[in-house]
Amino acid sequence: MSSRAGDRALPASSPTEPDPEAPSAVSGGDFPADLLRAVLHRLPPADVARAACVCRLWRAVASDRAVLEAAFRAPWGVRRVLGDPATRAFWRAASLARFALSHAVRRGDTVPGVALKYSVQVTDIKRFNNMMSDHGIYSRERLLIPISNPEILLGSTCYIEMDHNSKREVAVFYPEGHPNGNAESMANAAAAKRQSKRILESVRRSLHVDDGTAEYYLSVTGGDPRAAMMEFSEDLRWEQRQAGQ
């Protein structure tokens, strides 16, 4: 009996030969570092952070300071960002809140006046600078101003700084073009502030007020704690007389 066609033995199939014209799979490590760097320079910070998870080569290139800086400054048209942050996490959030304008406090400045000059809210300045009251301006050499118009950052150079008053690390834009002072003067200012902390704390507790108010009365009395308390008492009596009329 003849066998059916379906029962016939089929010829053994030979292994599939690779198509020489088909594109081959490319692993992350096959990218030239220069090409990868050029690509990452065009990505936002979040995508650069994701790229660092691909492989060792990508992690090395994505962690390069020039790549991190480019992704950080590109959305706002900033020309350069100088200085190194405390951690690389600083670069991951390229929001406008990471930038600030430096305003040198001058005699006669008030928080409302500064807010009006830069078209920002008084509450935003106080919150950004960790100030409890408007009087806090009298104990500061500068204020950090939140950026309300990102166009002022176009083509600018910003400096990464840890502001000890506001207790935040930001990229600071100086309208005059460069920072005033240097690290030594900042250290001296910090040392002087530490020396006066005990006096400030004593006045604050005696008057039952916040730090900004205590600093104000110390500033108008030349740092004399006794005179500061007398000045405060006189102002308080005046307010009580006005309220009683």
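How many bridges join β1 to strand β4, and do these strands run parallel or antiparallel? Three bridges join β1 to β4 (residues 157–163), and the two strands run parallel; strands here are DSSP E runs of at least two residues, helices H or I runs of at least four, both numbered from the N terminus. Within this pairing, L82 has Y159 of β4 as its bridge partner.

The model is predicted: local features need pLDDT of at least 70 and side-chain atom pairs count only at pLDDT 80 or more, while totals for chains, interfaces and linings use all residues. Residues are numbered from 1 along each chain as its sequence is written, and side-chain values use heavy atoms, with hydrogens and water left out.

The protein chain contains nine helices and five strands. The strands form an open sheet in the order β1-β4-β5-β2-β3, with mixed pairing; two strands pair if DSSP finds at least two bridges between them. β1 (80–82) and β3 (142–146) each have a single partner strand, so one side of each lacks a neighbour in the sheet.

The largest nonpolar core has 36 residues, and F72, F99, I125, I145 and L153 have the most contacts inside it. Such a core is a set of buried Ala, Val, Leu, Ile, Met, Phe, Trp, Tyr and Cys residues joined through side-chain atoms within 4.5 Å, where buried means under 20% relative accessible area (1.4 Å probe, protein chains only). A second, separate core of nine residues includes V203, L207, V209 and F232. Of the 245 residues in the protein chain, 31% are buried.

Key: Buried < 20%, exposed > 50% of the residue type's maximum accessible area, 1.4 Å probe, protein only.
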